[in-house]
Every structure is written in structure tokens, then in C-alpha cells.
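Here is a short briefing on one protein chain. Look over the sequence and the structure first, then work through the points below.

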Amino acid sequence: MFKNPIASLLGSSPFKALQEHMRVVLECAREVTPLFEALSAGDQERVRKIEQRIFEREAAADSIKNQLRQHLPKSLFMPVDRRDLLEVLQMQDSIADTAQDIAGLLVERPMEVPDPLREPLLALTRRCVEVCEHSARIIEELDELLEMGFRGREADQVETMVDELNRLEDETDELGLRLVRSLFAHEDKMNPVSVVMWYQLINWIGDLADYAEKVGDRLRLLIAR
């Protein structure tokens with residue numbers, strides 16, 4: 001008899017499915033760095049292959065998200081609110097959606113990386129992915145949080161991890177601003193449409209870290225309640 005894997009995970013704890021979703025989301029985010037490395041190298045074929053992988057992982061994340069929403073009980077006999085869990089889930093999913101948006105744009109409109117943007121672009125991308133990884137590590141702490149009733153040393157540890165997450169995201173904001181300044185400093189040598197596209201891409205890269213930070217912020221609220 002077929003047994004729904006998400007239903008099985010929810011049978012023990014909805015956090016199990018939330019963690020599984022975040023692992024797949026992180027796979028999407030991790031592909032963004034090689035995506036821009038391939039673009040920087042002018043390897044459009046590799047860009048397309050990475051885009052396909054991102055779209056496949058995003059679809060897998062959507063499947064987990066939809067099943068989790070479908071099977072999540074209306075009331076949970078746990079020290080958390082159903083709405084709080086769904087908000088965390090939505091922020092996680094936004095990371096995968098953003099990675100998909102980035103990949104889709106780079107395939108639909110092949111672009112060249114201007115030399116002055118190359119290194120700061122990759123630095124920003126790597127840092128934003130690191131923020132996503134840190135957010136995923138926090139999600140992996142949910143089991144221990146549950147065991148401790150969202151109190152005590154484990155809750156304090158998660159609070160500390162969220163503080164670090166906020167600090168890392170602040171760094172990505174600064175890297176993004178520097179990259180935008182560099183873009184505008186060289187815009188007279190670029191196609192105007194390309195300037196607009198790069199501005200959008202820079203914002204989307206920053207959104208990866210922004211959504212990852214929001215995952216942590218919502219967990220902080222969850223602990224506080």
C-alpha cells in the first residue's frame with residue numbers, strides 16, 4: 001500500500017517536513033553560485049543545465065510545500081501556532097522561487113558580465129548563499145527545540161544563531177550596495193536595458209539572503225510565543 005512520505009513525516013512532527021523542504025530549498029540556492037560562475041565564464045550551455053537543475057529542485061520544493069499544507073492539521077498539540085509554521089514555510093519557499101527567477105532570466109535573456117562587476121558579483125552571490133546555509137542550520141535545530149519545549153539552552157542557542165544570521169544578512173546588504181554603485185558607475189558603457197536587468201538581478205540575489213533572514217526572524221517570534 002502506498003504511503004505518502006510527507007504524511008509519514010507529519011505523523012511524528014510537522015517540523016520534519018519543514019526541514020526536508022528547507023534542504024531542497026538550499027539545493028536550489030547553492031546552484032546560484034555556479035550559475036553566475038558559468039555566466040561569468042561565458043558558458044551559456046552550462047547556464048542552461050544549471051537552470052534545469054534549479055527548476056527541478058524548485059518543483060520538488062513546491063511538491064513538499066503543497067503536501068505539507070494539505071496534511072498539516074488545523075490544530076497542533078505543540079507549543080507553536082499553525083500559522084507560524086506556514087509563514088516559515090512560505091519564507092523558505094521564497095528562496096527557491098527567487099533562485100528560479102534568477103536562473104530563468106539568465107536563460108531567457110543571455111547576458112555578459114561586465115568586467116568591473118565580475119568579482120563583486122560573485123562575492124555577493126557566495127555570501128547570500130552562505131546566509132541561506134546558516135538559515136538552514138537553524139531549521140535543523142527545530143527537533144531539539146521541540147524536545148525542550150522551545151525554552152532553555154536550546155532556545156538561547158537558536159537566538160544566538162538568529163543574531164548571527166542577521167549580522168550576515170547585513171553584510172550582504174553592504175555588498176549589494178557596493179555592486180549597485182559599481183553598476184551605475186559604468187552604466188554609460190553598457191546597454192541601458194542591460195543596466196536595468198543587472199539591477200534586477202542584484203536585487204534578486206540580495207533577496208536570497210533577505211528571505212533566509214526572514215526565516216530566522218519568524219523562528220525567533222515562534223520561540224517568543
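A polar contact is a pair of N or O atoms within 3.5 Å; within protein, one atom must be able to donate a hydrogen and the other to accept it. The side chains of Asn166 and Asp217 form such a polar contact, at 3.3 Å. The model is predicted. The protein chain holds 9 helices and 0 strands.

**Overall architecture**

- Along the sequence, the pattern of the protein chain reads α-α-α-α-α-α-α-α-α.
- The protein chain has 225 residues, and 49% of them are buried.
- Among contacts with a separation of 6 or more, 82% link residues 24 or more positions apart.
- The accessible surface of the protein chain is about 11000 Å². Carbon and sulfur atoms account for 50% of that surface.

**Nonpolar core**

- The largest nonpolar core has 69 residues. Phe36, Ile102, Leu106 and Trp198 touch the most other members.
- At least two residues of this core come from each of α2 (14–30), α3 (32–40), α4, α5 (82–108), α6 (115–139), α7 (142–147), α8 and α9 (192–224).
- In soluble globular proteins, nonpolar side chains tend to be buried together.
- What does Ile102 touch, not counting residues up to four places away in sequence? The list is Val32, Leu35, Phe36, Leu201, Trp204, Ile205 and Leu208.

**Helix α2**

- α2 has 17 residues. From first C-alpha to last, α2 reaches 25 Å, close to the 24 Å expected at 1.5 Å a residue.
- Of the 17 residues in α2, 12 are buried, so this helix is largely enclosed by the rest of the structure.

**Helix α4**

- Helix α4 covers residues 44–71, which is 28 residues. Its end C-alpha atoms are 41 Å apart. At 1.5 Å a residue the helix should span 40 Å, so the two values agree.
- Buried residues in α4 include Val47, Ile50, Ile54, Ala61, Ile64 and Leu68.
- Gln44, Glu51, Glu58, Lys65 and Gln67 are also among the buried residues of α4.
- Arg69 sits in helix α4. At 34% relative accessibility, Arg69 counts as partly exposed.
- Leaving aside neighbours within four places in sequence, Arg69 is in contact with Arg82, Leu86, Leu89 and Gln90.
- Arg69 and Leu85 are 16 residues apart along the chain, and their C-alpha atoms are separated by 9.8 Å.

**Helix α8**

- Asn166 is placed in helix α8, residues 152–185. Is Asn166 buried or exposed? Asn166 counts as buried because its relative accessibility is 18%, and the cut-off for buried is under 20%.
- Not counting residues up to four places away in sequence, Asn166 touches Glu213, Asp217 and Arg220. With Asp217, the side chains also make the 3.3 Å polar contact.
- Glu174 also lies in helix α8. Its relative accessible area is 33%, so Glu174 is partly exposed.
- Glu174 and Leu124 are 50 residues apart in sequence. From C-alpha to C-alpha, they are 9.2 Å apart in space.
- Ser182 lies in helix α8 as well. Ser182 counts as buried, at 15% relative accessibility.
- Ser182 is in contact with Pro116 and Leu117, leaving aside neighbours within four places in sequence.

**Helix α7**

- Leu145 has its place in helix α7. Leu145 is buried, with a relative accessible area of 1%.
- The C-alpha atoms of Leu145 and Ile223 are separated by 8.7 Å. Along the chain, Leu145 and Ile223 are 78 residues apart.

**Cysteines**

- A disulfide is a covalent bond between the sulfur atoms of two cysteines.
- How many disulfides are there? The count is 0.
- The cut-off is 2.5 Å.
- Cys132 counts as buried, at 1% relative accessibility.

Notes
Residues are numbered from 1 along each chain as its sequence is written. This is a predicted model: local features need pLDDT of at least 70, side-chain atom pairs count only at pLDDT 80 or more; totals for chains, interfaces and linings use all residues. Side-chain values use heavy atoms; hydrogens and water are left out. Helices (H or I, at least four residues) and strands (E, at least two) are DSSP runs, numbered from the N terminus. Buried means under 20% relative accessible area, exposed over 50%, partly exposed in between (1.4 Å probe, protein chains only). Contact means heavy atoms within 4.5 Å. The expected span of a helix is 1.5 Å times one less than its number of residues. Accessible areas come from the Shrake-Rupley method with a 1.4 Å probe; for residues, only the protein chains shown count as cover. A nonpolar core is a set of buried Ala, Val, Leu, Ile, Met, Phe, Trp, Tyr and Cys residues joined through side-chain atoms within 4.5 Å.
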